[in-house]
Amino acid sequence: MKLVTCNMKLATIRKMIKLKINNTEIEVEDGTSVMKAAQSMGIDIPNMCWNDELEHFTSCMLCMVKNSGTGRLLPSCSVKAVEGMQILTEDEEVVESRKTALELLLSEHVGDCEAPCQVACPAHMDIPKMNRLIAAGKLDEALEVVKHDIALPAILGRICPAPCEGACHRKTVDEPVSICLLKRIVGDDGVEPNLSGIEKTGKKVAVIGAGPAGLAAAYYLQLKGIQVTLFDKNEKAGGLLRTAINDEILPKEVLDREIAAILKTGVLFEGGKAISAEKYAEIKSGYDAVVLATGALAENAEVFGLKANPKGIEADKSTYQTSDEKVFAIGNVLRSSRLAVRSVGQGKEVAHSVLQFLNKQKVLGEPRLFNSRFGRLVANEYAEYLKESIDTKRTLPKSGVQSGFTRDEAVAEAKRCLHCDCRAIDDCKLREYSTYYQADQKRFNTGARRSITKQVSHGSVVYEPQKCIKCGICVRLTEKYTERFGFTYIGRGFDVVVGVPFEEALEKGLTGTAVKVAKSCPTGAISLKE
Amino acid sequence: MSEYFTYIDQLIAEKGSTKKSLIPILQSIQKKYNYLPEDALRYLADRSEITSAEIIGVASFYSQFRLHPVGEHMIKVCIGTACHVKGAVQVYDAFRRELKLKEGINTDEAGKYTIEKVACLGCCTLAPVVQIDGTTYGHVASDQVEQIIEDFESIKGKKDTGKARKADGTQLQGEIRIGLGSCCVASGSKEIQEEVEAVVNESGLRVSLKHVGCVGMCHQVPLVEVVPNEGEPTLYAKVKPEDVKNIVESHFQAPGLFAKLKNKLMHTVETIQTDRNWEGVERYEISMREKPVASFLGNQLPIATEYRGMINPLDINEYKKRGGFSALQKVFESYSPQEVVDQIKQSGIRGRGGGGFPTGIKWEAVRKQNSEVKYLICNGDEGDPGAFMDRMLLESYPYRIIEGMTIAAYATGIHHGYFYIRAEYPLAVKRIREALKICHENNLLGKNILGTGFDLDFQIYEGAGAFVCGEETALIASIEGNRGFPRIRPPFPAESGLFGKPTLVNNTETFAQIAYILREGWEKFAEIGTARSTGTKVFALAGKVARGGLIEVPMGITIREVIEEIGGGIANGKKFKAVQIGGPSGGCIPAEFADTPINFESLQEMGAMMGSGGLVVLDETDCMVDIARYFLSFTQEESCGKCTFCRVGTRRMLDILENITSGKGKQGDIQELEKLAEWTAKGSLCGLGRTAPNPVLSTLKYFRDEYEAHINGVCPTGKCSHLIKYSVNDNCIGCTKCVQKCPVDAIPFTPHEKHSIDTELCIKCDACRAACPVDAIDVK
């Protein structure tokens, strides 16, 4: 008898049903959710409140799909597949629904993905990360971080007008962190990163013009395994850096040392010859791609035979590709600018475009991710940020700005960083989906924003409630693992918050589950400290 | 040892130590301490299986619970729809000024009064309404706040002086009926009752004193009906205690003793509130034959409210005498459960809670479930801020509802049922509790009902204040002791509901109509109304209508018939503008569509919905953008906060509406609002979010020009305070009445000269305009 019952149970479990997802038929076990059915076909369904350890909850509403039979949208995480169902997962209405849901969530998600300094930096350098390494005394590692985006830190550390410091959150209540001088000491004192072991692609690219843009482009292309030849009309590389800047501000040895470091990566330099139309044609046919970084010179356009306007050569704003698909243009040749850091940043970005072009991929340029931003930091929030920083005045180099920071000064100053970047920057579903669906955070910017708070008392995790999107995963996980206090919903409606009951400290709410909860948070509300 | 420990231990022992006892335990704690002390809650977590997270989650979800101590007395300002359109916000602001409350603080410095807004006190016809502890004040104007507090101070502690009197029963000269619905009680019927008892006691008259449920004529409360054994009955409306003696005397011959006591009886009871204090002497003697009353009641068709005003809610013999429990008897004797389901299906009755799902199909689904345990729930969580049908039905016809539920239980094979009633309806809870007890005593409930072998038990679950709990999955979550989070359907409660068992959830009004269907036959019910909306519907008619109240009308009646014939048209000679049907889930139907018949389909077509049955009439002075904003502020607050579209979507819609009504609207706002409304409707998880945009969408549809005017800085009706200015025109006679009323000294004291208003100081409380005897205050 027992055996029979058992078989019957198995039989019911194994009942299969057929449905169509995006017009493809699929067979799944009865009871399977539409989301799981779609995933089993390799279809990606965005979700934030779903967690494999837990029952479905249906709060984020990102997993909407369309039942084309009824025309209705339904949350696929919690709707079970039914025989004969017809589902569309990427139809226009579904996409709009997901985008709208994201925009609603973003309107109550108060936090920065990247720190405002990084967003403001034309080269998009990861400044908070550099600051943390400097504060820990790790200048060599800091240099690696800097050189990921800025090929000429010691130089820029002397001449950059530092738009980053203008955006520093600390500026609204105190003085900004002295980012530029920090970058300078990293460039001066850090040991160049070891770049051995880069795989060669066998491709050849010519970079014409060895100013800041060309040097940077050469450097980053070379790092991508491309053999670069850098052409310049002058004997020595450096462009305007060598000719237009006072030696006291930018000593030649600093310039030479940083250029040498770039050439050391294997870049071939051919200087002393102006590029004529014939020479240009020769280069173009001899190389897989060309990067123009010749600076603001009027005759360029004719020599290169590219589409141009009165300001300079025309190129795509994000890929720098010109009217000739093989030719890319960066720096002052596009538009005259005195901002070397912009040229240096473009040198880095164009390397992405060129590589995509060489790999016959769609040329999109450097991937740009969605950035959540909340605007100005206000005085009462400053105290919250100071929980992870120190309340000291801006450090001034003892021996004058001209000579830069000493190591001790640099460490002290780097500690002033408020670490505005999100810890979950590389592991945030909200950011990932907002990028994919091109969500606009400002769309529902209709009311006052919430005031930011930070809970940092826990040994291993940090909680930033205003980033919470109320998916309830932490509430459900702490319940499942029977935390004594755990997390709970407090209040209701728009004003609902997730927190530890009785306003107990974070470390009381999260004991054994802290790491699991932080890892399960779909955004950066609860994140691991390190 | 904290003072709370013994009490908590006792509560756990009494109510249980698992999650499903949580809400009742919290209710008891709050009842005792007036709030939920943290130490008590912590101790509860320590001593029971309920976790801290569950306790805080639940305590912070339901609006009934307070986590902080409050003042000695609670001032509850009703901001229901009817009160809103009659100036509740000004009244609330006036109380705040009177108590000198700073922003964000709700208790005065002395710790004496705490003020709070409440969604609806269910006295819509007395709007605006304020309740201080147990005393209700109706028709409150913002300049009467000081008087009210004084009055409350003077009557404090003098309450509960009434003595019950048992009518002798023999040799009666007649009957005096007193309405004891919440509306009547709120308007002072308790005092009338006390006075009648006093008069009757002291005179030695042999009349029976009868408490009847709500008559529905809430615009005339308190009502007293005198029914002599000989002669016509007379109905007295808006009776004052001092009138009682005269009324009684004019109908009944008192024994000699009466005259001697005459002088003594002249003492009037001092504890009367509401109308009497403000309206001067206003007494009507109305008879059923008089036109207004006849038309108020004449067009109606009572099924759920059968024998309204005639039967004592708790007198089971009288209920039986009038056909009560005969349907149940008939069902037990002659129908199989399936036959009952068939009758219900054929009657065409659809859920009266708003959705309009066919009741018979729901019953069938539950009936088919093979489960030993199934549950029945009467949904009395009436959260619509402009409706009080369920409350009235529960208070006035408890047996009718019990009978309907018993029939449902028999038809679907259920042996355990719940009454889910809002805790804000204490009288309803009390009546049902009493009625259940009496039913048990009469073997109408319990084991082996009427010898049929059928067992059925009911228990009462008091809802703790959450509009979303009207949604059945949220209601179930709430009974299970959780936050009222709805969940996705399917599975429907019929398959997996309360505690995972098949569950039948029907609205109170639906149950109140079941006995009629089975007693009279489904054919008779189906004949009433329209083809797809059969039977009758109970509505709470309120707002700017001349005669408001509880009405029961056949489906298919037009809006015009309801407003003009039953409601007597618009009050104060104003022009009819629109009617808001269905509360926060419904919409506004403009005057030009007044001939729309009221049924499920046609209302939906018009962008409104039946909802629970609130019917708030608006006149030309009402701003439609403000109405939309009002409802959104309600749903936004009542959103459970679970799904993105509702939690954030309703808030963002409200933001846009607040911007528009405060003069910060910009081009494009209307389009964005419309788009967001559509997405909130499409993307929300449950009915609350899916219907929350209706008030916005329907006003956008019919009154878009008003939205556009606001964007251009003009509120056409002068309701939106940020867009208007008060000024004095040449009619001014310099009487200084406005000066004395102005709470912020914005009008200089210039007797015999034309006054002026300092618009910088003016807070637009409207007190000056109300006080002006010559219409000299302009609002533009």
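Predicted model: local features only at pLDDT ≥ 70, side-chain atom pairs only at ≥ 80, totals over all residues.
Once neighbours within four places in sequence are set aside, the contacts of A:Ser323 are A:Leu306, A:Lys307 and A:Glu314. A:Thr523 lies 200 residues away from A:Ser323 along the chain, and the C-alpha atoms of the two are separated by 41 Å.

The chain is divided into domain 1 (16–90), domain 2 (116–191 + 378–414), domain 3 (204–358) and domain 4 (448–528). Between domain 1 of chain A and domain 2 of chain A, the C-alpha centres are 48 Å apart.

A helix pair comes next. Helix H10 (residues 212–223) of chain A and helix H15 (residues 340–358) of chain A have axes that come within 7 Å and cross at roughly 35°. This crossing of H10(A) and H15(A) is right-handed. On the side of H10(A), the contact is made by A:Pro212, A:Ala213, A:Gly214, A:Leu215, A:Ala216, A:Ala217, A:Tyr220 and A:Leu221. H15(A) contributes residues including A:Ala340, A:Ser343, A:Val344, A:Gly347, A:Val350, A:Ala351 and A:Val354. Sorted by class, the contact of H10(A) with H15(A) holds 12 nonpolar, 4 polar and 1 charged residues.

Strand S1 (residues 16–21) of chain A pairs with strand S2 (residues 24–29) of chain A in the antiparallel sense, over 6 bridges.

A:Ile87 leads on to another strand. Strand S5 (residues 86–88) of chain A is joined to S3(A) by 2 bridges, and the two strands run antiparallel; within this pair, A:Asn67 stands opposite A:Ile87. Strand S3 (residues 64–67) of chain A pairs in turn with S4(A), in the antiparallel sense over 4 bridges, and A:Met64 stands opposite A:Pro75 of S4(A). The hairpin of S3(A) and S4(A) has 4 residues between the strands, with A:Gly71 at a positive phi near 80°.

Attention now turns to the contact between the chains. Chain A gives 36 residues to this contact and chain B gives 34 residues. On the side of chain A that touches chain B, the elements giving two or more residues are strand S4 (72–75), helix H3 (92–107), helix H19 (473–480) and strand S14 (488–490) of chain A. H3(A) gives the most to this side, with 6 residues. By class, the side of chain A that touches chain B comprises 19 nonpolar, 13 polar and 4 charged residues.

Just after H19(A), A:Thr482 takes a positive phi of about 45°.

Chain B, for its part, contains an open sheet of 4 strands in the order S2-S1-S3-S4, with mixed pairing. Strand S2 (113–118) and strand S4 (135–137) of chain B stand at the edges and have a single partner strand each, so one side of each is left without a neighbour in the sheet. Neighbouring strands of this sheet are turned by 20° against each other on average, direction ignored. Helix H6 (residues 88–98) of chain B packs on the sheet, where H6 touches S1, S2 and strand S3 (130–132) of chain B, and its direction makes about 155° with that of S1(B). Strand S1 (residues 73–78) of chain B runs parallel to S2(B), joined by 6 bridges, and B:Lys76 stands opposite B:Glu116 of S2(B).

Key: Residues numbered from 1 in each chain as written. Chains lettered and ligands numbered in written order. Contact = placed C-beta atoms within 7 Å. Nonpolar A, V, L, I, M, F, W, Y, C, P; charged D, E, K, R; others polar. Pairing = 2+ DSSP bridges. Axes fitted to C-alpha atoms, helices over the stretch in contact; angles between N-to-C directions. Domains from an automatic or database assignment. Left-handed = near helix turned anticlockwise from the far one by under 90°.
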